[in-house]
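Hi everyone, thanks for making the time. I'd like to walk you through one structure today, so let me put it up on the screen.

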Amino acid sequence: MSITLYSKFRFSCHKGLKCFTRCCRNVNIFLTPYDVLRMKNRTGVQSDEFLKKYTKALVSSSFSLPVVLLKMKDDEDKSCPFLTNGGCSIYEDRPWSCRMYPLDKDIEDDEYKLIVGEDFCLGLKEGKEWIVEDWFEDQGLIPYDTYNQLFNQIVNAESSWGNKVPDKSVIDMFYMTCYNIDKFRGFVFNSSFLNLFEVDEGLKERIRVDDPELLKFGFKWLRFGLLGEKNLLIKESALKKKKK
Ligand code: SF4
Ligand code: SF4
């Protein structure tokens with residue numbers, strides 16, 4: 001059955017259900033750059049530490065850019081490290097997939113699908129009826145979709161690079177910009193980056209302190225570097241130096 005933004009579905013998740021937190025165990029959760037940013041700020045650690053402690057990066061043979069997975073605990077249940085007896089300890093900053101659950105987006109088109117049945121997710125048997133669009137708003141998905149669209153513009157263009165697999169330095173740069181926002185800030189402000197690119201003072205001040213703004217800037221820079229978009233200006237002084 002196809003599910004669109006305007007479809008109706010019955011769902012309610014609450015502590016009274018027997019299945020409460022069942023879906024937070026032994027599950028593959030891919031994290032988007034915006035997920036990582038929100039979760040790392042929630043946990044109050046630097047990006048390096050967050051990535052090391054809570055994630056693992058994978059590079060598949062069909063997709064040369066790394067993807068980041070939430071690392072489940074090494075216990076019998078393989079439970080999420082943020083799961084407590086009371087539920088999700090980072091609920092306000094939980095990742096996109098957890099907000100979408102039990103729905104997921106069909107990659108092929110603009111439709112959605114249920115990824116579990118009523119036997120696993122008892123919330124689907126509850127009486128509360130939603131229109132999918134209203135459910136997404138209720139789950140706080142709108143800012144996530146904004147950043148995910150910017151990210152997808154980059155990864156979806158990967159096929160247009162031809163058969164050329166990016167070299168390690170490009171992969172490292174992609175990973176840092178998308179997932180290690182604190183390191184990317186250090187790169188922008190402590191390397192020759194700002195001697196090379198024109199960045200107006202207002203934007204410079206915003207990206208110095210504002211992680212989401214810096215992530216947006218990082219996506220722009222990746223489009224410049226990877227997709228060849230002319231969306232950043234190289235400084236005259238840098239061009240002259242290059243000519244010499
Ligand atoms: S399985 Fe469904 S109803 Fe049960 S806790 Fe997970 S989302 Fe909620
Ligand atoms: S982040 Fe929260 S909602 Fe998502 S799997 Fe972990 S405990 Fe569950």
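Let me start with a term: two strands count as paired here if DSSP finds at least two bridges between them. Please also keep in mind that this is a predicted model.

Three strands make up an open sheet, in the order β2-β4-β3, with antiparallel pairing. The edges are held by β2 (30–31) and β3 (55–58), each with a single partner strand, so one side of each has no neighbour in the sheet. In our sheet, two bridges connect β2 with β4, residues 67–70. Which residue of β4 is the bridge partner of Phe 30? That would be Leu 69.

Now let's step back to the whole chain. The chain has eleven helices and nine strands. Its C-alpha atoms fill a box of roughly 70 × 40 × 35 Å along the principal axes. Of its 244 residues, 21% count as buried. If you take contacts with a separation of 6 or more, 71% of them link residues 24 or more positions apart.

How is the chain divided? The domain assignment gives domain 1 (8–143) and domain 2 (145–243). Their centres, taken over C-alpha atoms, are 28 Å apart. At the contact between them, 19 residues of domain 1 meet 21 residues of domain 2. On the domain 1 side, the elements giving two or more residues are α1 (33–43), α2 (47–54) and α5 (142–155). The most comes from α1, with five residues. By class, that side has 13 nonpolar, five polar and one charged residues.

In soluble globular proteins, nonpolar side chains tend to be buried together. Here, the largest nonpolar core has 32 residues, and Val 36, Tyr 179, Leu 214 and Leu 215 have the most contacts inside it. Elements giving two or more residues to this core include α1, α2, β4 and α6 (168–179). Which element gives the largest share? It is α10, with six residues. The core also draws at least three residues from each of domain 1 and domain 2.

Let me zoom in on two residues. Tyr 179, leaving aside neighbours within four places in sequence, is in contact with Pro 33, Val 36, Leu 51 and Val 68. Next, Cys 178 sits in helix α6. Is Cys 178 buried or exposed? Cys 178 counts as buried because it has 25 C-beta neighbours inside 10 Å, and the cut-off for buried is 20 or more. Beyond residues up to four places away in sequence, Cys 178 touches Pro 33, Phe 151 and Gly 218. Cys 178 and Leu 215 are 37 residues apart in sequence, yet 6.9 Å apart in space, C-alpha to C-alpha.

Finally, the ligands. The residues surrounding ligand 1 include Cys 13, Cys 19, Cys 23 and Cys 121, and also Arg 22 and Tyr 101. The shell around ligand 1 divides into nine nonpolar, two polar and one charged residues. Around ligand 2 we find, among others, Cys 24, Cys 80, Cys 88 and Cys 98, together with Arg 94. The ligand 2 shell has eight nonpolar, no polar and one charged residues.

That's my tour, and I'm happy to take questions.

Key: Residues numbered from 1 in each chain as written. Chains lettered and ligands numbered in written order. Predicted model: local features only at pLDDT ≥ 70, side-chain atom pairs only at ≥ 80, totals over all residues. Domains from an automatic or database assignment. Contact = placed C-beta atoms within 7 Å. Helix = DSSP H or I, 4+ residues; strand = E, 2+ residues; numbered from the N terminus. Nonpolar A, V, L, I, M, F, W, Y, C, P; charged D, E, K, R; others polar. Near = placed C-beta within 6 Å. Core = buried A, V, L, I, M, F, W, Y, C linked by C-beta atoms within 7 Å. Buried ≥ 20, exposed ≤ 12 C-beta atoms within 10 Å, placed from the backbone.
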